[in-house]
Amino acid sequence: MGADQKLTGSADTYFRLYAVSIASMILSAVTSAVFRSLNAPRTPLVITSIAVVLNTALGLVLVLGRGPIPSFGVAGAGLATLISQSCRCLALIIVLYASNKGVRWVWPLPGSRVAVTAAKLIQLTGPIAASEVLWGMSTFVYAMVFTRLGTMAMAASQIVLSLESVFIVASAGLAPAAVAVIGHALGVGSLKAAKANAWLTIRFDLIAAVMLGALYAAPGFLLPALYPKVGQDVLNLAFFGVLLMAVTQPAKVLSSVLGNGVLASGSDTRFVLAGNLAGTYAIGLPAAVGFGLLASFGFFGVFAAKVLEEGVKATCFFLRFRGVRWYASALKEEGKAEPTSTIEL
């Protein structure tokens, strides 16, 4: 990635420990989705909350060292993540199969229904999975651009994005909520209810995004207190980066709730993939390289590219939502498609 030796040495052990914990994260995410589909969203909320507290407590102890426990530095954060995510995964699976929800384990043997279910899942969620993989790759490329700008730019970007993750996650739950409420309406053939639920989710999400964006901007003024050992040059870059991303929150949240929620609920996952490709790989990343490295706008050029990317994706998804094709395929599968002229827009 082009980082200096000191940075890579600190990151190597953390990266390896975090990579091992990915398997438990995936299982936890799927199990949490099962709980939500069974109308039991509080169970993963409680277990995940406990895991977050455990992760934070272990991080403080293992990174800084307490009593007889020595300081592991950056590696301690990776170890804390591995332990807490493993405990979370184990707890979710035990509670799920011990509950009275009628869930039972089925081995993926020949003749079982697992193959049929898997085929349907791959057809529907394949584009979404591809979108997520491509998004993950894009964050890696953005990180490479920041490292090319120097350790100071890389450190400032991590402060900005770490603070953003605290606030963006608060509105992330509205995407699966949109899938549930819109999917239910489509399941009973109510186009009017589906459209109304979609608009309600979008409006609520935008209000939440504006409020969370304002809250996200506030810590920008507290960076010296939050990061007392970080140099002032890094904090100055991070301050303006926080303000830029705070202004972008409505577009970012809108693209998330539309792409991962509203359009996905209508089985329009291929368009979601196309929109993410257009916003990220046709616009965002080329602009990041052009503005940040070639045009010498540096740190601010890369963040301007991220703002542009989110704006393009939000616009594409919203225009798609304004039409009827986002739920046409879902209705067709159920044999409930109605003429376009009867649909209220």
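Q: Let's start with the overall make-up: how many helices and strands does the protein have?

A: The predicted model holds 12 helices and 0 strands. Of the 345 residues in the protein, 36% are buried.

Q: Now to helix packing. At what angle do α1 and α3 cross, and how far apart are their axes?

A: Two values are used here, the angle between the axes and their separation. Helix α1 (residues 5-37) and helix α3 (residues 74-98) cross at roughly 20°, and their axes come within 8 Å. Angles under 35 degrees count as roughly parallel, so α1 is roughly parallel to α3. The contact of α1 with α3 is made up of 18 nonpolar, 11 polar and 1 charged residues. As for handedness, α1 passes α3 in a left-handed crossing.

Q: How do α9 and α11 pack, by angle and by distance between the axes?

A: Helix α9 (residues 232-265) packs with helix α11 (residues 298-322) at an angle of about 20°, and the axes are 8 Å apart. That angle makes α9 roughly parallel to α11. Sorted by class, 17 nonpolar, 5 polar and 5 charged residues form the contact of α9 with α11. The crossing of these helices, α9 and α11, is left-handed.

Q: And what angle do α4 and α10 make?

A: Helix α4 (residues 114-148) and helix α10 (residues 269-294) pack at about 5°, with 9 Å between their axes. Here too the angle makes α4 roughly parallel to α10. The contact of α4 with α10 has 17 nonpolar, 6 polar and 2 charged residues.

Q: Let's turn to the rings. What describes a pair of aromatic rings?

A: The distance of the centres and the angle of the planes describe such a pair. If we count rings whose centres lie within 6.5 Å, this model has 13 aromatic pairs. One of them joins Trp199 and Phe321, with 5.0 Å centre to centre and 70° between the planes. Planes over 60 degrees apart count as edge-to-face, so the pair of Trp199 and Phe321 is edge-to-face. This pair links distant parts of the chain: Trp199 belongs to helix α7 (residues 191-217) and Phe321 to helix α11, and they are 122 residues apart.

Q: Is Phe321 buried or exposed?

A: Relative accessibility is the value to look at, and Phe321 has 0%, so it counts as buried.

Q: Which residues do ring pairs link into a cluster?

A: Follow the pairs from ring to ring, and you find Phe146, Phe221, Phe239, Phe240, Phe299, Phe300 and Phe303 linked into a cluster.

Q: Which residue lies over the face of Tyr142?

A: A ring can also have a charge over its face, and for Tyr142 the residue is Lys306, at 4.1 Å from the ring centre.

Q: Last, the backbone. Where is Asn39 found, and what is its phi near?

A: Most residues other than glycine have a negative phi. Asn39 has a positive phi, near 60°, and sits in the loop between α1 and α2 (42-64). With 67% relative accessibility, Asn39 counts as exposed.

Q: What is the phi of Ser296 near?

A: Ser296 has a positive phi near 65° and is a residue other than glycine. The loop between α10 and α11 holds Ser296. Its relative accessibility is 63%, so Ser296 counts as exposed.

Terms used: Residues are numbered from 1 along each chain as its sequence is written. This is a predicted model: local features need pLDDT of at least 70, side-chain atom pairs count only at pLDDT 80 or more; totals for chains, interfaces and linings use all residues. Side-chain values use heavy atoms; hydrogens and water are left out. Axes are lines fitted to C-alpha atoms, for helices over the stretch in contact, and angles run from 0 to 180 degrees between N-to-C directions. Helices (H or I, at least four residues) and strands (E, at least two) are DSSP runs, numbered from the N terminus. Angles under 35 degrees count as roughly parallel, over 145 as roughly antiparallel, 65 to 115 as roughly perpendicular and the rest as oblique. A crossing is left-handed if the near helix is turned anticlockwise from the far one by less than a right angle, and right-handed if clockwise. Ala, Val, Leu, Ile, Met, Phe, Trp, Tyr, Cys and Pro count as nonpolar, Asp, Glu, Lys and Arg as charged, and the others, Gly among them, as polar. Rings of Phe, Tyr and Trp (its six-membered ring) pair if their centres lie within 6.5 Å; planes under 30 degrees apart count as stacked, over 60 as edge-to-face and the rest as tilted. Buried means under 20% relative accessible area, exposed over 50%, partly exposed in between (1.4 Å probe, protein chains only). A charge sits over a ring if NZ of Lys or CZ of Arg is within 6 Å of the ring centre and within 35 degrees of the ring normal.
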